[in-house]
Amino acid sequence: MLTRTLDPQSAEDHPPGGVPLRDLPRLGAIARVAAAHGWRHYVERLGLGRFAPGTAQPAGAGTDAQQLREALEELGPTFVKFGQMLATRRDVLPEALVSELAQLRSQVVPFEGRAARAIVERELGASIERLFASFDEEPFAAASIAQVHRATLADGSRVVVKVQRPGIDETIAADLTLLRHVARLLDRHVDSVRGYNLPVLVEEFAAMITHELDFAHEAANAERFARANAGEAAVWVPPVVWPLSSRRVLTMAHSTGCAIDAEHPADRALRRRLAADLLRLFLTQVLEHGVFHADPHAGNVFVLDDGRLCFHDFGALGVLDARDRDNLRHLFLAVIARDPDWLADTYLAMGGVEGPVDRAAFVRDIDQALDTYYAAGAGHSFGAVLGEFVRLGRKHHVRLVREGALVARAFMTVESLARELDPEFDAIEAFRAYSGRLVATLLAPETGDAALARTYRSLGAARSALMELPIAARRLLDQFGGEGPVLRVRHEQLGVGELTRAANRIAFALIVSAIVIGASVVLTAHAGAHVFDLPLLAVAGFALAAVLGLGWAWATARSTRVARRTPRDADRGAARP
């Protein structure tokens, strides 16, 4: 966190080089706001004191975290959104600062309806009367980047039209230039913030906000999310009206749903089902599809009259590659299995190690966090434990990649919404209910063009390896030839048949082991149908493993007896005249 203690370096005057002249007034405003909130010594340290002469911090100021939040809100939409992004990085920033930044709110007022009308007409190339049967110039929602208007199409369909604020892209571009400049100066001259690697965080934010400004990108995200959830009866995504959308205008079908709150929906059974659906859908999106809503707060998730969940606002969409999904599956199953070693190894694989890691200490800390959660029972938030895992990662010099941080933040948001629907909601029970499906998905064979392509790749790699084998063998023989060391191997009665049988036994043992492991996971998760309070799939798995294991043991013993008898028979045959 920023502290008010001067670092042991002497203050120097660093001119604001690299900042366009047109942006100097804005840089001055940033310097004055920073000085007014208690960081005059940093302002002077960075050579910006000339912009804030005589600015003093008001009496009765709050903590550093509160002052930073208030300063960001005062500086406007770009800085508010940057702070909101920082609030997702528990792996980088102190918890007190993250908690304060999570309260950031943009203080925005709607812009005039006539301006929105002009933007729509300019972007879509026609008059409002030709584009819509009706267009309400009074916005019903306004945010820092855009506001939303109701409209009707010629066929009577109701739609919503999201219109970008005039000049917001130029404002954000200028603010990004200044953010980069200030981040570089802080990283270079202030020891207390260098460890946060602000230039990298600013670049992450720049990529995120650039995508959010492109409504065509958001429309593509909405369609991608809809395709990923096409098989989910509990999900509805408003379709995009592409002919009436552009980079600054987004038209989508109107949702008749209502936001989730303490009173809606009123039916308690429906609220419990929706809570379970929310977490199940999130786990499916993250662990199976690799596409998830990155900001699923109550304003972006509505409940339709028929009980379905309607998702909105796809400016931030999380996308995970196969490796990320695999790591998260391991993390999920490690929590179910209460295995701190497994969890620690997976977490280390997911993050970027930025310093020496004492793995044993990391495992002990994770084990304690798991014990705390399981001991607390259903009333304890798993999101809080997830936040503790992230804090422990920071303590042990492990920084999450951006995707991992997005998943962590989105999960906390989903669990919070689920607990608002159902105060007795238990995330671990929801995990167990889902784990059977996850294991079945992992064990199911792949089909389709992608699987065929991967099979062809594997066969091609095997073919290349076989073709290289004689060359590699020749090189190995050359190395052992001449005056080099000689390796002599002597074997008796070890033919192709013996090698084949040995390989078959190893393969058979691996198959039995895999069945036992899979059955153990199902047993731990209590997934699927039960018989005598035991998961039927686990019982069947253990039974099959036992039968195969006994058969393997019998076959091994029989082949051993045959092998011992064969030499005696051969000796007796040789003794005959």
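Author: What follows concerns a predicted model, and we shall discuss its cavities, its cores and its cysteines.

Reader: How many cavities of 30 Å³ or more are there?
Author: The count comes to 5.

Reader: What volume does the second largest cavity have?
Author: Its volume is about 280 Å³. The lining of this cavity is made up of 20 residues, and those closest to its centre are Leu328, Leu331, Phe382, Leu386 and Val407.

Reader: Which elements give two or more residues to that lining?
Author: They are α12 (268-289), α13 (322-337), α14 (340-350), α16 (382-395) and α17 (402-421).

Reader: And what does the lining of the second largest cavity have by class?
Author: It has 19 nonpolar residues, 1 polar residue and no charged residues.

Reader: Moving on, how many residues does the largest nonpolar core have?
Author: That core has 128 residues, and Leu309, Phe382 and Phe431 are among those with the most contacts inside it. Its largest share, 10 residues, comes from α17.

Reader: What does Leu309 touch?
Author: Leaving aside residues up to four places away in sequence, its contacts include Trp236, Ile260, Leu278 and Phe302.

Reader: A change of topic: how many disulfides does the structure hold?
Author: It holds 0 disulfides.

Reader: Is Cys310 buried or exposed?
Author: Cys310 is buried, because its relative accessible area is 0%. Cys258, at 35%, is partly exposed.

Conventions:
Residues are numbered from 1 along each chain as its sequence is written. This is a predicted model: local features need pLDDT of at least 70, side-chain atom pairs count only at pLDDT 80 or more; totals for chains, interfaces and linings use all residues. Side-chain values use heavy atoms; hydrogens and water are left out. On a 1 Å grid over the protein atoms alone, a cavity is a set of points where a 1.4 Å probe fits but cannot get out, and a pocket is an open set with protein on both sides within 12 Å along at least five of seven lines; lining residues have an atom within 4 Å of a point. Grid points are joined across faces, edges and corners, and a volume is the space filled by probe spheres set on the points. Helices (H or I, at least four residues) and strands (E, at least two) are DSSP runs, numbered from the N terminus. Ala, Val, Leu, Ile, Met, Phe, Trp, Tyr, Cys and Pro count as nonpolar, Asp, Glu, Lys and Arg as charged, and the others, Gly among them, as polar. A nonpolar core is a set of buried Ala, Val, Leu, Ile, Met, Phe, Trp, Tyr and Cys residues joined through side-chain atoms within 4.5 Å. Buried means under 20% relative accessible area, exposed over 50%, partly exposed in between (1.4 Å probe, protein chains only). Contact means heavy atoms within 4.5 Å. A disulfide is a pair of cysteine sulfur atoms within 2.5 Å.
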